[in-house]
Amino acid sequence: MLDNIAMEIKHDKDACRFATTVDGVTAHVAYRIYDGMLDIRHTIVPEAIEGRGIASALVKAAYDYAMEEGLKAVATCRYAVVWLERHPEYNGHPSHDWCADGSCGI
């Protein structure tokens, strides 16, 4: 839940990330584009601003961008994999780097 916070999500194409700053703390999603896919690799929301729907908003922004660009939504990040499972309208799936047991070290 966004707790009625004003959140501006910025896309830095050069850094391959979507970010927002809430209460002076920055959260971000990092992605890679390859083979016609946008792969969310990491979702980082510092503890000070957790539980407010920020990760979901960042992941949605990234996958909305993927759809606009004609890219397939894939995820290596555990959070983004679960998000895609909950949002089948994005037709996404885990990336080839995804390890359900976390043993990959990515």
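**Exercise 1.** Determine whether Ala62 is buried or exposed in this predicted model, and identify its contacts beyond the sequence neighbourhood.

*Solution.* 
Step 1. The relative accessible area of Ala62 is 0%. Buried means under 20%, so Ala62 is buried.
Step 2. Ala62 belongs to helix α1.
Step 3. When neighbours within four places in sequence are set aside, Ala62 is in contact with Phe18, Val29, Leu38 and Ile40.
Step 4. Ala30 lies 32 residues from Ala62 along the chain, and the C-alpha atoms of the two are separated by 9.0 Å.

**Exercise 2.** Classify the packing of helix α1 against helix α2 and describe the contact.

*Solution.* 
Step 1. Helix α1 covers residues 54-68 and helix α2 residues 78-86. Their axes are 11 Å apart, at an angle of about 75°.
Step 2. Angles of 65 to 115 degrees count as roughly perpendicular; α1 and α2 are therefore roughly perpendicular to each other.
Step 3. From α1, the residues Ala55, Ser56, Val59, Lys60 and Tyr63 meet Tyr79, Ala80, Trp83 and Leu84 of α2.
Step 4. By class, the residues of this contact comprise 7 nonpolar, 1 polar and 1 charged.

Methods
Residues numbered from 1 in each chain as written. Predicted model: local features only at pLDDT ≥ 70, side-chain atom pairs only at ≥ 80, totals over all residues. Heavy atoms only, no water. Axes fitted to C-alpha atoms, helices over the stretch in contact; angles between N-to-C directions. Helix = DSSP H or I, 4+ residues; strand = E, 2+ residues; numbered from the N terminus. Parallel < 35°, antiparallel > 145°, perpendicular 65-115°, else oblique. Contact = heavy atoms within 4.5 Å. Nonpolar A, V, L, I, M, F, W, Y, C, P; charged D, E, K, R; others polar. Buried < 20%, exposed > 50% of the residue type's maximum accessible area, 1.4 Å probe, protein only.
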